[in-house]
Amino acid sequence: MSSFNLRIACVMVGLPARGKTYISQKVCRYLTWLGIKTKVFNVGNYRRKLHGANLPHTFFDPHNPVGEQHRKEAAAAALEDMVGWFDKEQGIVAIYDATNSTYQRRKWLHEELTKRDILVLFIESICQDESLILANIKDVKLSSPDYVNMDPDAAAVDFRARIDHYQELYQTITEEDFAYIKLINVGSQVIINMIQGYLESRIIYYLMNLHIAPRKIYFSRHGESMYNLHGKIGGDSNLSPRGKLYATKLPALIRENLGDQSLTVWTSTMQRTIETGELLPYPKLTWKALDELDAGVCDGMTYEEIEEKYPEDFANRDEDKFNYRYRGGESYRDVVLRLEPVIMALERHENILIIGHQAILRCIYAYFMNFNHEDLPYIKIPLHTVIELTPKAYGCEEKRFKVNIDAVDTHRPKPAKGTSTPVSGKATPAGESPSLKLPAGASGEIVKEAMSPILPISPKLYPKGVGVKEGGKLTTMQKPPPPTNPAAAPPKTDDTEMAALDLGDAALKDQK
């Protein structure tokens, strides 16, 4: 991304057990999902590598000169690797995960980064809710490498003592000339300062949608459809008899695993998803954004028919399935951008069941499970199966529940590298052109620029009216700022406000 010359370091700030690592991992997964090269540099990992784990709380005592020197060494090593990553691997966003709890430490980081033309965004997590702190200690810290094979009660006592050491010198961020966001009590209040760039605004908006309340996210494809039976893609067909049977079994399966907890069901606007959820006794919403990937001119065709009529398309799609765009239709890349409002809404809500389509659920599943773009189009999302995800600090726990109702298998495996494997079974040897190359867009194309992110990241494109004041002024918010839409019509001038990307409630329609 040297053409943009944009590099951002997100520097975490906060006492231990305030969710800094959770936030770091979430931001990294979100940006990576959008094709923005992102990496987390956890200073604790460097400290363990340099000086070992299982260190007593006295190591973190600010009056322990040896411990202080060792912690500085770990911070410097992480910073050196982060700068090297920017320079050598053309990274876009790095996340520096540490307490960074003093003015002195933040000043040092800001100076070291800005002199290398790296923009700095501080992210402070403040938590005054003792129950949340205790839950974080239990769920995260007691299972960390620092407390392996240690009695949980003794580990809790030691960790509280460590927090007290950091509390002794803790200085909340108030530097008016720094760009920062403060998340207070898991986002119940947000303070932002000096946020000017477009990508920084997207990160801020994402952070303002996060919460850590326990919840479950369920995915289910629609029941088997008539198009599934005939091997056709796309369309708006009804359920097959077996698909209708699955719809009758789904309520009991959800109730068995969710109990009496509340749940909202999201479907696309297509018949097969709506029919699958008809018997579920929960509030329902339909999203146009959840409609299946648009196959364009190939909609309603079988793969054999596509291979025969559009052989170049068939080979191109196998070559780069994520970036291949059907003529008059979409690519997986397009779908990821279309689904960003859904992701934002998922992060705001609690228990959700999405009844969707194969390509759509692959994209959403990839966000939560951190799949790369190359593997995303080949994730197995079988029919008549419910996937349960439980978000945790470092990722998601997954369970799959298969309903004992037969269905066709619509999964096409990833071709061997260097060959394309048409339905007919003919393979193109590595190094040879799969077929005649038609002009881009003539019958389908692979659409991407090398290393290009899905969202535009130019610092020249930044939204107005997001409650962010320039010139060092401070803004306090109780709710997220309006989002922006890079997919909207181009701005008339460089300063023209961009339309909203996250359509929010406008993208939802009550299921009748």
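## Strands 8 and 9

T267 has T286 as its bridge partner in strand 9. This pairing belongs to a predicted model. Strand 8 covers residues 264-267, and three bridges join it to strand 9 in the parallel sense.

Strand 9 runs over residues 284-287 and is covered on both faces. K284 and T286 are buried on one side. L285 and W287 are buried on the other.

## A hairpin of strands 5 and 6

Strand 5 (residues 179-184) and strand 6 run antiparallel, joined by five bridges. One of the pairings is between K182 and I191, the latter in strand 6. The two strands form a hairpin, with four residues between them. N185 sits in the turn and has a positive phi of about 50°.

How much of strand 6 is covered? Strand 6 spans residues 189-193, and four of its five residues are buried.

## Aromatic pairs

The structure holds 13 aromatic pairs. One of them joins F60 and Y166: the ring centres are 6.0 Å apart and the planes meet at 40°, so the pair is tilted. F60 lies in the loop between helix 2 (43-51) and helix 3 (65-89), while Y166 lies in helix 6 (residues 152-169). The pair therefore ties together parts that are 106 residues apart in sequence. F60 is buried at 4% relative accessibility. Y166 is buried too, with a relative accessible area of 15%.

Y147 and F159 make another pair. Their ring centres are 6.1 Å apart and their planes stand at 85°, so this pair is edge-to-face. Y147 comes from the loop between helix 5 (130-139) and helix 6, and F159 from helix 6, so the pair ties together parts that are 12 residues apart in sequence. Are Y147 and F159 buried or exposed? Both are buried.

## A ring cluster and a charge over a ring

Ring pairs also build a cluster. Its members are W33, F219, Y367 and F368. Y365 is part of helix 14 (residues 358-369). At 4% relative accessibility, Y365 counts as buried.

Elsewhere, a charge meets a ring. The charged end of R412 sits over the ring of Y303, 4.6 Å from the ring centre.

## How helix 1 packs

Two packed helices are described by the angle between their axes and the distance between the axes. Helix 1 (residues 20-33) packs with helix 7 (residues 198-207) at an angle of about 125°, and their axes are 11 Å apart. That angle makes helix 1 oblique to helix 7. The crossing of these two helices is right-handed.

Helix 1 also meets helix 13 (residues 332-348). Here the axes come within 11 Å and cross at roughly 160°. Angles over 145 degrees count as roughly antiparallel, so helix 1 is roughly antiparallel to helix 13. This crossing is right-handed as well.

## A covered helix

Helix 12 takes in residues 311-319 and is mostly covered. How many of its nine residues are buried? Seven are. They are E312, D313, F314, A315, N316, R317 and D318.

## Two asparagines with positive phi

N100 is not a glycine, yet its phi is positive, near 45°. N100 belongs to the loop between strand 3 (93-97) and helix 4 (103-114). Its relative accessible area is 1%, so N100 is buried.

N149 is not a glycine either, and its phi is positive at about 60°. N149 lies in the loop between helix 5 and helix 6. Is N149 buried or exposed? At 80% relative accessibility, N149 counts as exposed. The cut-off for exposed is over 50%. N100 is thus a buried asparagine, whereas N149 is an exposed one.

Conventions:
Residues numbered from 1 in each chain as written. Predicted model: local features only at pLDDT ≥ 70, side-chain atom pairs only at ≥ 80, totals over all residues. Heavy atoms only, no water. Phe/Tyr/Trp six-rings, centres within 6.5 Å; stacked < 30°, edge-to-face > 60°. Buried < 20%, exposed > 50% of the residue type's maximum accessible area, 1.4 Å probe, protein only. Lys NZ or Arg CZ within 6 Å of the ring centre and 35° of its normal. Pairing = 2+ DSSP bridges. Axes fitted to C-alpha atoms, helices over the stretch in contact; angles between N-to-C directions. Parallel < 35°, antiparallel > 145°, perpendicular 65-115°, else oblique. Left-handed = near helix turned anticlockwise from the far one by under 90°.
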